[in-house]
Each structure stands twice: as C-alpha cells, then as structure tokens.
Amino acid sequence: MKTFLGAAFSALMLLAGSAWAQGYPDRPITWIVPQNPGGTTDTLARIFATAMSKQLGQEIVVENRAGAGSSIGLQAVADAEPDGYFLGVAPQSGLTIAPLSIPNIGFDPIESFEPVFNFANVPIGLVVNAELGPKSVEELVALAKEKSGELNYSSGGTGTGSHFAGAMFVTLAGIGDDTVHIPYQGGGQASVAAASGETQFYAGPLAGNMMGVIEGKKVVPVAVSGGKRVAAIPDVPTFAEAGVPDYTMVSWYGLVAPAGTPQEIIDKLNAAGNAAAKTQEVIDALAAQGIGAIQNTPDEFAAQIAADSKAFRKLVDDGIVVIE
C-alpha cells in the first residue's frame, strides 16, 4: 500500500509540476552575469535577454554580480530556487576553470546547475604587441626564449578563461618558464595592456574588445583556435597551422539554471534561445562582435561543459598547464 501511495503521490506531483511549468513564465526573470558590465559575457547576455524576452513574453532583467573568477554570481544561482526565475549566464571560465584555481568554490560545475542554452562558441586569438616585432607564433616563441623572463602575457585575472588560454599556449609552445603571467581586472583591460605595451602578448576570446584592438593595429594577431580560420581575419593561421596542433581551447558562454529546475522549463528556455538565435536582430548583433549564431540542445550544452571540465582538470592535474 505504501508503495502504491508513494507512486501515486509522485505521479500527482509530476503532473502538478508539469501544469505549473506550462504557465511559465508569468513574471519577470532575473539573469545573473557573474562578470563586470561591458565584457563579452555581459554583452552576449544582454543581446539574448532582449531577444528571448520577446520569445517568452516576459521581461528579463540582467544583473551583474562580478568577482572571484565568476564564482560569486554563479554561487548565487546555484543556491537559488529552481523555479526558472533566477538564472545564470555562465562563461566557460566560471564553470570549468575557476573550480580548478579557487579552493572550496562552493559549487560543482556539473551537479549544481542545469545547462539551458549555449549562446556562442568563440575562438581564442593570440595577439602580440605591434611594436614588439614578432609577426608569427614561431617568431614570438623564438623571442621569448632569446629574452627569457622579459616577456609578459596578460590575462583577465587569475583563474579566468584568458589566464588558462595564455597558460595553455606558453606551456604547449615550450616557453612557460621564459614568460611571466600578469593578471588584470577583466579581458578588456588585458587586451588593452597588450595593445599599449604594458604586456607583450595576450590570448583571449575573439570577440568584443579583442576585435577592437586588432582593428586598431596596436596588436598583431598570430593564431586563432578552432578547426578553421576566422572570417574576420582570414590571413591569420590556426594554432595547428602555426605549429601548435594541441591547442584546441574554444571559449563559450551559456545560460544555466539551478539544479532541480523542471525539465519543462529548461526546454521552454532552450526553445526561446534557439528561436532568438535565428532572428536577424541577434545574428547582426553577434556578427558585430565577430561571433556566429548557433543552435543547440540542453544535452549538447551539458556534454560540452562535462568534456571541458574533464579535459581542463586533466591538463592541470598532469602539470601540463599551471594556473596557480
């Protein structure tokens, strides 16, 4: 009898939850951006918040809660009620890299969240200060070895995606002991530092401010990640073409919900994200950032998060990349 009653209760709750989810959303939704205004994460969040609010018929309020490698904002999302009204815009660095460099971060990248929708995959670009001299990866590596200890590379901060991107490059290129990491407060500052000569090179997502410093001719792009060249800078080789074939990192930014959020809500948000990505408004806004629109499912995004978490953990555990 207990088994029958338990099963009946579970079925009743499932039906009630499904009916409740069908009315979602019936009030404004809050998106937490765990980084400062103006960066790529914030820019993508606002592009999709505007477009998805039209799809869902409710306002989406974007709130910035920056700090501690995105962990402050993402922790708030992990701790929120799983009702679909308090979501997080997660950069790759916040979910898969920050947990490797921040002890007792307070959330698990897999267990604490429900992946909803990946806004964009963004190649990593390696740029060198234009006055430094090198016009290729080979020339940069040769100069770093010749002037061991004199070349610095900037990042958006310890434990960020650009920190990992730079650390991966110098390690795979064999100049980890010849170069010095200089952390800044965000990728925007880090790319400007390379452009101004405060640092000598920078590796980070090819979007927003990064494309701006490239267009300003203050830096020379020498390599891009991914399986093909980037249309906006077609003369720049891939890392594989430049002699670093093991460099495969690509940055991404997506929407996550607290663990336990009903699947019906996840699916509704994902459908809204895919519909938004097909609109000319979003396509044009992303193109202005040097990004192509994509479509994906929650399961595909979950697999991407899991794969990166495993791969990056192995690189750090094996000592191939050092980010401390």
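Reply: R27 lies over the face of Y85, 3.6 Å from the ring centre (the rule: NZ of Lys or CZ of Arg within 6 Å of the ring centre and within 35 degrees of the ring normal). Bear in mind that this is a predicted model, where local features need pLDDT of at least 70 and side-chain atom pairs need 80 or more, while totals for chains, interfaces and linings use all residues. Numbering starts from 1 along each chain as its sequence is written, and side-chain values use heavy atoms, with hydrogens and water left out.

Now for rings meeting rings. There are 12 aromatic pairs (Phe, Tyr or Trp, using Trp's six-membered ring, with centres within 6.5 Å; planes under 30 degrees apart are stacked, over 60 edge-to-face, the rest tilted). Take W252 and F301: their ring centres are 5.4 Å apart and their planes sit at 85°, so you'd call this pair edge-to-face. W252 belongs to strand β9, while F301 belongs to helix α11, residues 298-317, so the pair ties together parts that are 49 residues apart in sequence (DSSP runs, numbered from the N terminus: helices are H or I with at least four residues, strands are E with at least two). Elsewhere, ring pairs join Y153, F169, F201, F239 and Y247 into a cluster.

On to the backbone. Most peptide bonds are trans, and most residues other than glycine have a negative phi. Going from Y24 to P25, though, the peptide bond is cis, with omega near -10°. You'll find P25 in the loop between α1 (2-22) and β1 (29-33).

Where do positive phi values turn up? One is at N104, which isn't glycine but has phi near 50°. N104 sits in the loop between α4 and β4 (113-129), and its relative accessible area of 79% makes it exposed. K217 is another non-glycine with a positive phi, about 65°. Look for K217 in the loop between α8 and β8 (219-224); with a relative accessible area of 65%, K217 is exposed.

Key:
Buried < 20%, exposed > 50% of the residue type's maximum accessible area, 1.4 Å probe, protein only.
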